[in-house]
Amino acid sequence: MEGYTQLQKFQKIMELKGYSPNTINSYISCLKLFQQTTAVKYWNSLHDTDIHRICLDFFTFKRISYSSQKQMLGSLALFYGTMFNRELALTDFRPTRKAFKLPVVLAKKEVETILNLTKNLKHKAMLATLYALGLRSGELLNLKIVHLDGERNTITLYNAKGKKDRQLMFPVRLKVLLRKYYKEYKPTTFLFEGEHGTQYTASSLLSVVKNGAKRAKLKKVISTHTFRHSFATHLLEAGTDIRVIQKLLGHTSIKTTMVYTHVSVTEIKQVESPLNTLRFNC
């Protein structure tokens, strides 16, 4: 099938160009979804007007998110540009403004509760590492034993998002926990491994997070990224400079890090509501 062959070639080209596995998987998934929706067999047989119509129908009736819409358009543009040297006119279909949503943040007490109620040592170590370092899911899963430097008390992330390396602190409490975990599980390559020494999967990590929240009886809907949000917000509330937080998170732009100023409650708690100045019976 010609469409399937073209997708295989496109995937190989992205791998050779050094695109991250997450980007490759996302783009291929978008293109497969587009293919299933249209039943297209010969990609280059579609005119720009056909692609425009399909995108319009897809975005209108599927009601996909801002990021998913951008991802779909990005995958189509790169695919047609790479495979057929065609520049698609998709500007009019790009969403102009992303809805501003505050990240979900856990209180320190909630993080504490999750860790205390997580009895599985490996799972506790994973959750603690996510929170202690503010890692993305992929960064935790790609972390190798050799990346931890107990002498210098540093942890180095290699080829993280944006193909950037960055160095993080190695907290004493985390070191104690990981040493205990290492002695029991004895991982060989990756810090956290699945069965038979294979790399732990993102879906399994998400299950660990969801189960932790369930045990803690949290009403908040959380994901692995919630620990990263909580790490940044708690640092900000403790008085850490926003540019230091930017560096720890690996953000290219300070604007990305500034979102945590909207969820930090340090200044808000210092404001007294006018309700407190009224004389009335509660």
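The structure is a predicted model, in which local features need pLDDT of at least 70 and side-chain atom pairs count only at pLDDT 80 or more, while totals for chains, interfaces and linings use all residues. Residues are numbered from 1 along each chain as its sequence is written, and side-chain values use heavy atoms, with hydrogens and water left out.

**Confidence**

- The protein chain has a mean pLDDT of 87, and 95% of its residues reach 70 or more; pLDDT is the predictor's confidence in each residue, from 0 to 100.
- Helices (H or I, at least four residues) and strands (E, at least two) are DSSP runs, numbered from the N terminus.

**Helix H6 and helix H10**

- The axes of H6 and helix H10 (residues 224–237) come within 7 Å and cross at roughly 40°, which makes H6 oblique to H10.
- Axes are lines fitted to C-alpha atoms, for helices over the stretch in contact, and angles run from 0 to 180 degrees between N-to-C directions.
- Angles under 35 degrees count as roughly parallel, over 145 as roughly antiparallel, 65 to 115 as roughly perpendicular and the rest as oblique.
- H6 and H10 cross in the right-handed sense; a crossing is right-handed if the near helix is turned clockwise from the far one by less than a right angle, and left-handed if anticlockwise.
- H6 contributes Leu127, Leu130, Tyr131, Ala132 and Leu133 to this contact, and H10 contributes Thr224, Phe227, Ser230, Phe231 and His234, where contact means heavy atoms within 4.5 Å.
- The contact of H6 with H10 has 7 nonpolar, 3 polar and no charged residues.
- Ala, Val, Leu, Ile, Met, Phe, Trp, Tyr, Cys and Pro count as nonpolar, Asp, Glu, Lys and Arg as charged, and the others, Gly among them, as polar.

**Helix H6 and helix H5**

- Helix H5 (residues 108–117) packs with H6 at an angle of about 160°, their axes being 10 Å apart, so the two helices are roughly antiparallel to each other.
- Lys108, Val111, Ile114 and Leu115 of H5 meet Lys124, Leu127, Ala128 and Tyr131 of H6.
- This contact of H5 with H6 holds 6 nonpolar, no polar and 2 charged residues.

**Helix H6 and helix H8**

- H6 and helix H8 (residues 172–185) pack at about 150°, with axes 10 Å apart, and H6 is therefore roughly antiparallel to H8.
- The crossing of H6 and H8 is left-handed.
- The contact includes Leu121, Ala125 and Thr129 of H6, and Leu174, Tyr181 and Glu184 of H8.
- By class, the residues of the contact of H6 with H8 are 10 nonpolar, 1 polar and 4 charged.

**The sheet**

- An open sheet is formed by 3 strands in the order S1-S2-S3, with antiparallel pairing; two strands pair if DSSP finds at least two bridges between them.
- Strand S1 (148–149) and strand S3 (164–169) are the edge strands, each pairing on one side only.
- Strand S2 (residues 154–160) pairs with S3 over 5 bridges in the antiparallel sense.
- Thr154 has Met169 in S3 as its bridge partner, and Ala160 stands opposite Lys164 in S3.
- The hairpin of S2 and S3 has 3 residues between the strands, and Gly162 in the turn has a positive phi of about 80°.
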